[in-house]
Amino acid sequence: MLKKKIIFLVGPTAIGKSAIAIHLAKKIDAEIISCDSMQVYSLMDIVTSQPSSTQRKQIKHHLLGVVNPIREYNVARYRKEAIAICDKLFLKGKIPLFVGGSGLYYSVIIDGLFPAIGEDKSIRARLDKELSLKGSSCLFQRLSKVDPLSAKKIHPNDSRRIIRALEVYLKTGLPMSSLQKNRIGLGSEYEIKIFALNANRKTIYNKIDQRVDKMFKTGLINEVQGLLRLKLSKTAFCAIGIRELESYFKGEYDLDEARRLIKRNSRHYAKRQLTWFKKDARIHWVNIKDEETPGEIAKRIWKKLF
RNA sequence: GCCGAGAUAGCUCAGUGGUAGAGCGCGGCCCUGAAAAGGCCGGCGUGGGGGGUCCGAUUCCCUCUCUCGGCA
């Protein structure tokens, strides 16, 4: 029996995924499921560069602007919601086209998430306190005793991951490393095609600069000012642009500096995204040329689909 | 034109008679419930050009070029 197809279009920030995705979706009768940890939030259209309303009218988009930014969001929720949408699309006879740049999010769809517990606020608060009192090496030693395999993988300075691994152990009594072996994703059930866009580093960085300038022109400052009046969740607050403008509002530096930092942090982000994608051997790379239009690129991808 | 200061990494600069560092930038990497987050690694260099002293010069001397101050 022929497996059903799921398509992923990933790539670094600002490279032009959204426009290409719409051309592609039209050709194959797909609907788009956003694969972006920040575009799920509402009220953050400009700072997260969500597809425009005209774009969204052309093709149905899912998981865009659906979470209030005062709420936390995470991979587990994303996985659950995205898979539910996927199932619905298959019933309608549509192809799911995942589009976005969050490496962990797409991998969790394809490869699955190990069955574990979510965040436990009280355990974390306790571990956080221990971290600030005794430092990460103390936590790391504890982890080495209860879960040596995880300790081997996690760097002693990476307190975030040490805490998570300890949290899993304290809550389940099992080392996280053994739970992680249990992972089932959609990859076994469906035919998965992953396309990653890439271009010269310089081209990507130019696109980032242009996008950031455009964000400022279209009302970034007002949007972020409004967001800062809310009590943003720790996850929503992480969107590039918020921290940088908050410091500007506090008078720590001028607007040019804020703009420079937003550009720089976006460059670093794009680099990390590419590192993530590069190690995924399943990816079909699509190197885009400077003069190519979104329609032409979509056509190239389409040809590789069958 | 004269006087002074300087010319070292992509940028701003430190330092030394035994071929060089720091911050930022940049490059590479890791990643399972915060992932646009978090963490790790890497100096990426004809030391302005040319001569001299010295076993040895980026460092000392001479000269040229350029830059920045000050005086005209």
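The model is predicted. The predictor assigns the complex an ipTM of 0.91 and a pTM of 0.91. For chain A, pLDDT averages 93, and 99% of the residues score at least 70. Confidence in chain A is lowest in helix α5, residues 121-134, where the mean is 89. Confidence is highest in β3, at 98.

An open sheet is formed by 6 strands. Their order is β3-β2-β4-β1-β5-β6, and the pairing is parallel. The edges are held by β3 (61-62) and β6 (283-287). Each of these two has a single partner strand, so one side of each is left without a neighbour in the sheet. Within the sheet, β1 (residues 5-10) pairs with β5 (residues 191-198). This parallel pairing runs over 6 bridges. In it, I7 stands opposite K193 of β5.

Helices pack on this sheet. Helix α4, residues 103-111, touches β1, β4 (95-99), β5 and β6. The direction of α4 makes about 165° with that of β1. Helix α13, residues 255-278, also packs on the sheet. The strands touched by α13 are β1, β5 and β6. The direction of α13 makes about 135° with that of β6.

A further contact joins helix α11 (residues 220-229) and helix α12 (residues 242-249). Their axes come within 10 Å and cross at roughly 85°. Angles of 65 to 115 degrees count as roughly perpendicular, and α11 and α12 are therefore roughly perpendicular to each other. On the α11 side, the contact involves L220, I221, V224, Q225, L227 and L228. These residues meet I242, L245, E246 and F249 in α12. The residues of this contact divide into 8 nonpolar, 1 polar and 1 charged.

Key:
Residues are numbered from 1 along each chain as its sequence is written. Chains are lettered from A and ligands numbered from 1 in the order in which they are written. This is a predicted model: local features need pLDDT of at least 70, side-chain atom pairs count only at pLDDT 80 or more; totals for chains, interfaces and linings use all residues. Side-chain values use heavy atoms; hydrogens and water are left out. Axes are lines fitted to C-alpha atoms, for helices over the stretch in contact, and angles run from 0 to 180 degrees between N-to-C directions. Helices (H or I, at least four residues) and strands (E, at least two) are DSSP runs, numbered from the N terminus. Angles under 35 degrees count as roughly parallel, over 145 as roughly antiparallel, 65 to 115 as roughly perpendicular and the rest as oblique. Contact means heavy atoms within 4.5 Å. Ala, Val, Leu, Ile, Met, Phe, Trp, Tyr, Cys and Pro count as nonpolar, Asp, Glu, Lys and Arg as charged, and the others, Gly among them, as polar. Two strands pair if DSSP finds at least two bridges between them. pLDDT is the predictor's confidence in each residue, from 0 to 100.
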